[in-house]
Amino acid sequence: MSIARASSKSPGFLTRVNPLAKIIVSLVITGMAFSVKNVWAMGVLAAVLVVLLMLCITRQNIRQIGQGMIAGTIALLLFVAIGTLLLNNVQAALLYGLRLVAILLPTPLLALTTPPADLVRALQAAKLPSFLILSLMLTWRFLPIIQQESQRILEANQLRGVDISRQPQHWFAGLFVPLIFRIVSYADDVTIGLETRGYDPNATRSMSQPLVWQLRDTLFVIGSVLVVVLVGYLDSVNAGG
Amino acid sequence: MKPWTLKDYVFAAFMTIGIAVASAIAVPLTLGIPLPGVRTIVWAPFGGIFLTLGMARLQRSGSVALMIGTLALLLSRLSWIITAFLVISLVITEIMMLVRGGYRSKFNRLLGNVIFFASTTVTGALIGAYTASPGLTQWLSQPWILLPMTLLSGLAGAIGWWLGELVIKQLQRAGKLDVDR
């Protein structure tokens, strides 16, 4: 939820880039992180992603950056330390640590800079089946509501003197059964609502704001290609390093 | 075979929400446990309830793909790795259940749950390990680790199925679910 909120607040360059281009670049970078074997090349890739993430978070909250940086650095150092102990090789442990950063960062970066509505537009533009987009939109819309419902059920139990939040053995009868009844009621209500409005899941849909390729999208793609070429070059030059 | 209706899509979407909420409730309990597959094992009994409900209501091949495909897309905002292993697991489940002719019978729903959660644990652990270090994948692939993990997650999926069937009975008694039995 915080990611969704954060993305709506960030009016930066990356936020305005075509979401489809961001998805493709994010997939390419993740794929590349798996194939790079040189620690310097991986370092450049991870550094670019960390800088971009910092730039995106700077728009949110300074305290969050500090906490995130400290937690991230500690986690990375721990990972490298354990890796060094297990592999008996500092360079390999560092490579795997940086690789983990390069694999894990593209998605939060994409999420921070792409509001759910933009992502839906991108998936529509990518010609994904309309029923899948409907399912995704419903899930995004109702997930917070159902989470609130589960919280209400937990609180109702607490009012009766039963705290089941840490007692999994009581979750079925105390939480999930009432929650399922609420979910099924919501599903019925939403179906009736959509049917009365004449919604046809198989009909061709139009977009109020169609995706248009702009100059900033070209710049983003050129920048990404340059990073990919640089990382590839460093990897091939220092092969085996 | 009956065509998919709007009601089916909406029901599947709400079951996806249920699976996601079950994960959000159950997984935090295991965050401190560094065992591969433990998160899926804890999530399966509760996520399996919603998966069983979806299978019982939709009954056709593709039901798991519809629910888990949406979940995989939703979780792509967290990590492509989660999306990858969920998609692999749903493909394995759907291919195996296509041979059995969908999820009309209770046994097929049990089988669907067991296959899905077992394959999720295995693919999740292996892909996760490969992401951390390829050497870890070799260690995890050993039968003495992989076999108990697969069996435990299959068992957890079976518990999810059993609880799901109990809820189906309650929903039918309340007139909230029209399922052919």
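Mentor: Take α9(A), which passes α1(B) in a right-handed crossing. A crossing is right-handed if the near helix is turned clockwise from the far one by less than a right angle, and left-handed if anticlockwise. Helices are DSSP runs of H or I of at least four residues, strands are runs of E of at least two, and both are numbered from the N terminus. This is a predicted model, in which local features need pLDDT of at least 70, side-chain atom pairs count only at pLDDT 80 or more, and totals for chains, interfaces and linings use all residues. Residues are numbered from 1 along each chain as its sequence is written, with chains lettered from A and ligands numbered from 1 in the order in which they are written.

Trainee: At what angle do the axes of α9(A) and α1(B) cross?

Mentor: Axes are lines fitted to C-alpha atoms, for helices over the stretch in contact, and angles run from 0 to 180 degrees between N-to-C directions. Here the axes of α9 (residues 130–159) of chain A and α1(B) cross at roughly 45 degrees and come within 8 Å. That makes α9(A) oblique to α1(B); under 35 degrees counts as roughly parallel, over 145 as roughly antiparallel, 65 to 115 as roughly perpendicular and the rest as oblique.

Trainee: Which residues make the contact?

Mentor: Two residues are in contact if their C-beta atoms, placed from the backbone, lie within 7 Å. Among them are F131(A) and L138(A) of α9(A), and Y9(B) and F14(B) of α1(B).

Trainee: How many residues of chain B are in contact with chain A?

Mentor: 40 residues of chain B touch 40 residues of chain A. α1(B) gives the most to that side of chain B, with 15 residues.
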